[in-house]
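User: I am new to this structure. Could you show me how to read it, feature by feature?

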Amino acid sequence: MPSPRQINIGSNNRLPARRWRRRRAPGPTRAAIYRVPVGAGSEWEGEAGNWLRWARTEGHDAYWAYRRPFFETIVPAPGARTVEVGCGEGRVSRDLSARGHRTVGIDLSPTLLRLARDADPDGTYLLADGSALPLADASCDIVVAYNSLMDIADMDAAVAEASRVLVPGGRLCVCVTHPMSNTGRFDTSEADASFVVTETYFGRRRFEGVEARDGLTMTFRGWSYPLEDYARAFERAGLLIELVREPLPDATAPHLLRWRRVPLFLHLRAVRS
Ligand SMILES: C[S@@+](CC[C@H](N)C(=O)[O-])C[C@H]1O[C@@H](n2cnc3c(N)ncnc32)[C@H](O)[C@@H]1O
């Protein structure tokens, strides 16, 4: 657990103080946000331009075909503060805000944070490491980690930090690539393609791969984990898993039909005991 030094938010984080006061609800106060030294940068910084195009081209990646079950089933009604860990250019945080959440987006990539702020000038976005959150203990009702736990170098620490900043009864809402989907690949992109297992399911494993489609290219890097590793991280952090879902993509996404046979994502919700 980090021992953050309490400070007033300065210009480095560009937290809009006046706006923050206006938006503040009963519950955690401004003093609940700290500055914590940020260590090594995100591998995503170098991919920021590619990710911007990939993530903001509506319908291009799987987010558009999977977000509905996440927001409808996994994310509870808003409380005083929702934190998104690994917010990237900010689309999940913007979707949360549109649903009434007072959201703080956290990311390690300065360029992605700038893009998130540009797209949502009223939002709060902080440069910080998900495994050393700049937030006080028990200062948030909901933590969302949407496709970020596999990208954060220390997944265990990120889960422990999420738990630390949650109030008792608060929820950690997670989307990760399904451990099953990490074991192999489809041999084509057709709906009836064969899924070929090429990797060992068990153990933490590094992945790195380039995806190119419809004129857009993106290099994805991170780690894959078996289900048990996530469950053990939750156990250690005092988080009780209350929802497990293996969502199907919208039938309106023809390029994802094969993922109606093998799960692409895993949705989890855990409660802080
Ligand atoms: C796949 S992107 C997801 C972005 C966003 N949640 C979405 O779904 O559009 C993963 C994000 O995690 C961020 N990230 C990686 N390591 C991190 C860390 N240690 N702390 C905070 N964010 C991190 C990356 O910079 C990147 O923006």
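User: What should I know before I start?

Analyst: This is a predicted model: local features need pLDDT of at least 70, side-chain atom pairs count only at pLDDT 80 or more, and totals for chains, interfaces and linings use all residues. Residues are numbered from 1 along each chain as its sequence is written.

User: What is the mean pLDDT of the chain?

Analyst: pLDDT is the predictor's confidence in each residue, from 0 to 100. Here the chain has a mean of 89. Of its residues, 86% reach 70 or more.

User: Where does pLDDT stay under 50?

Analyst: Over residues 1-28. The model has 36 contacts for that stretch beyond four places in sequence. Two residues are in contact if their C-beta atoms, placed from the backbone, lie within 7 Å.

User: How many helices and strands does the chain have?

Analyst: Helices (H or I, at least four residues) and strands (E, at least two) are DSSP runs, numbered from the N terminus. This chain has 7 helices and 11 strands. Look at contacts with a separation of 6 or more: residues 24 or more positions apart account for 70% of them.

User: Which residues of H6 are buried?

Analyst: Start with the rule. A residue is buried if 20 or more other C-beta atoms lie within 10 Å of its own, exposed if 12 or fewer, and partly exposed in between, with C-beta atoms placed from the backbone. Buried residues make up 37% of the 273 residues in the chain. In H6 they are Met155, Ala158, Val159, Glu161, Ala162, Ser163, Arg164 and Val165. That is 8 of the 11 residues of the helix (155-165), so H6 is largely enclosed by the rest of the structure.

User: Which residues touch the most other members of the largest nonpolar core?

Analyst: In soluble globular proteins, nonpolar side chains tend to be buried together. A nonpolar core is a set of buried Ala, Val, Leu, Ile, Met, Phe, Trp, Tyr and Cys residues joined through C-beta atoms within 7 Å. The largest one here has 58 residues, and Val143, Val144 and Ala162 touch the most other members. Take Ala162. Leaving out residues up to four places away in sequence, Ala162 touches Val85, Val143, Ala145 and Leu172.

User: Which strands pair with S11?

Analyst: Two strands pair if DSSP finds at least two bridges between them. S5 (residues 166-177) pairs with S11 in the antiparallel sense, over 7 bridges. S10 (residues 239-245) is also antiparallel to S11, over 6 bridges. Cys173 stands opposite Arg269 in S11. Leu240 stands opposite Val271 in S11. S11 (residues 265-272) is mostly covered, with 6 of its 8 residues buried.

User: Asn147 and Asp214: is each buried or exposed?

Analyst: Count the C-beta neighbours. Asn147 has 20 inside 10 Å, so Asn147 counts as buried. Asp214 is exposed, with 8 other C-beta atoms within 10 Å. Now the backbone. Phi of Asn147 is near 50°, a positive value in a residue other than glycine. Asp214 has a positive phi of about 50° and is not a glycine. Asn147 lies in the loop between S4 (140-146) and H6. Asp214 sits in the loop between S8 (205-213) and S9 (216-224).

User: What is Met150 in contact with?

Analyst: Met150 lies in the loop between S4 and H6. Beyond its neighbours within four places in sequence, Met150 is in contact with Val176, Thr177, Gly222, Trp223 and Ser224. Met150 and Ser224 are 74 residues apart along the chain, yet their C-alpha atoms are separated by 6.2 Å. With 21 C-beta neighbours inside 10 Å, Met150 counts as buried.

User: Which residues come nearest the ligand?

Analyst: A residue is near a molecule or strand if its C-beta atom, placed from the backbone, lies within 6 Å of it. Of the 24 residues around the ligand, Ser42, Trp44, Gly86, Gly88 and Gly130 come nearest. H4 (91-98) and S2 (103-107) each supply at least two residues of the shell.

User: How do the residues of the shell divide?

Analyst: Into 12 nonpolar, 8 polar and 4 charged. Ala, Val, Leu, Ile, Met, Phe, Trp, Tyr, Cys and Pro count as nonpolar, Asp, Glu, Lys and Arg as charged, and the others, Gly among them, as polar.
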